[in-house]
Amino acid sequence: MIEAPDGFASTPLSGGGVLILDRSLSTTPLAAALQEPWRHVSPRPLGIGTGRGPRGVVTIAGAPVVLVKQCLRGGWLARFNRQRYFRLDRFAHELAASRAAHDAGLLVGETLAVTLVPARPGCFVWSTSRWVADAEDLAQLWLRTADQATRSQLWAAAIALLRTIADAGLEHPDLNLGNLLMRRDERHGWSATLIDFDRARWTGRPATAAARANALSRLERSRTKLERLAAQSEKSSAVL
């Protein structure tokens with residue numbers, strides 16, 4: 001298994017495995033609920049841009065509202081192995097990077113726990129993050145927003161967040177529209193919150209110009225892919 005980063009505590013699970021949870025929550029009812037996270041998730045919503053994996057919102061008295069999701073692989077590897085993970089240190093890095101970014105005052109969906117359950121071979125993994133209320137992921141919002149002025153505002157808010165995290169020293173190699181939650185404030189307009197810290201890394205140093213360009217390029221590719229898939233889906237529906 002993996003070592004708990006600073007600020008987190010490990011709890012062994014019956015039958016093997018471990019729950020690594022924010023220390024401040026270890027005495028709350030959430031600690032027991034996250035020992036069996038599969039009980040709190042449902043299949044992922046249908047549609048483009050909804051992300052991977054079963055997920056569910058957990059509301060328990062005496063604990064923060066959280067989002068629990070099963071971690072699933074993407075890309076070509078998912079054709080052979082969708083659920084099992086063999087290198088688990090990435091999840092310790094996720095907890096540490098999320099905590100550092102949150103403590104630095106960045107707008108992030110704080111990762112509070114990971115649950116690792118032996119799959120023999122490998123492990124099944126569930127990630128738990130603080131629920132971001134009144135927000136919608138940029139992928140879904142982008143698809144249902146036809147107004148170009150609103151799209152420009154959404155994109156500007158996303159770019160502003162990228163600039164902020166680059167200045168602070170957070171590297172997030174999995175940037176896509178589904179990893180940005182958008183909220184609208186009547187006084188200040190749209191703001192973006194970064195989620196899904198799998199593979200993220202906290203350096204504490206401002207990013208290089210090349211790293212900033214790469215981050216922007218990844219987000220633009222995500223937008224292009226989303227629009228292409230939406231167009232293909234619309235074309236298929238028209239044929240049917």
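Modeller: Happy to. One term before we start: contact means heavy atoms within 4.5 Å. This is a predicted model, in which local features need pLDDT of at least 70, side-chain atom pairs count only at pLDDT 80 or more, and totals for chains, interfaces and linings use all residues. Residues are numbered from 1 along each chain as its sequence is written, and side-chain values use heavy atoms, with hydrogens and water left out.

Biologist: Good. What is Leu 170 in contact with, leaving aside neighbours within four places in sequence?

Modeller: Its partners are Ala 97, Ala 101, Leu 106, Ile 165, Leu 194, Phe 197, Ala 200, Arg 201 and Trp 202.

Biologist: And which residues touch the most other members of the largest nonpolar core?

Modeller: Leu 170 and Leu 194, out of 28 residues in that core. Such a core is a set of buried Ala, Val, Leu, Ile, Met, Phe, Trp, Tyr and Cys residues joined through side-chain atoms within 4.5 Å; buried means under 20% relative accessible area, exposed over 50%, partly exposed in between, with a 1.4 Å probe and protein chains only.

Biologist: Which element gives the largest share of this core?

Modeller: That is α4, with eight residues. Helices (H or I, at least four residues) and strands (E, at least two) are DSSP runs, numbered from the N terminus. Apart from this core lies another one, of 16 residues, including Ala 63 and Leu 112.

Biologist: Switching to the sheet: what is the strand order?

Modeller: The open sheet has six strands in the order β1-β2-β5-β6-β4-β3, with antiparallel pairing. Two strands pair if DSSP finds at least two bridges between them. β1 (8-12) and β3 (55-58) each have a single partner strand, so one side of each has no neighbour in the sheet.

Biologist: How many bridges join β5 to β6?

Modeller: Seven, between residues 111-118 and residues 123-130. Pro 118 is opposite Cys 123 in β6. Helix α2 (residues 89-103) packs on the sheet, touching β1, β2 (18-22), β5 and β6, and its direction makes about 175 degrees with that of β5. Axes are lines fitted to C-alpha atoms, for helices over the stretch in contact, and angles run from 0 to 180 degrees between N-to-C directions.

Biologist: Last one: how many helices and strands does the chain have?

Modeller: Five helices and eleven strands. Of its 240 residues, 42% count as buried, and the C-alpha trace spans about 50 × 45 × 35 Å along its principal axes.
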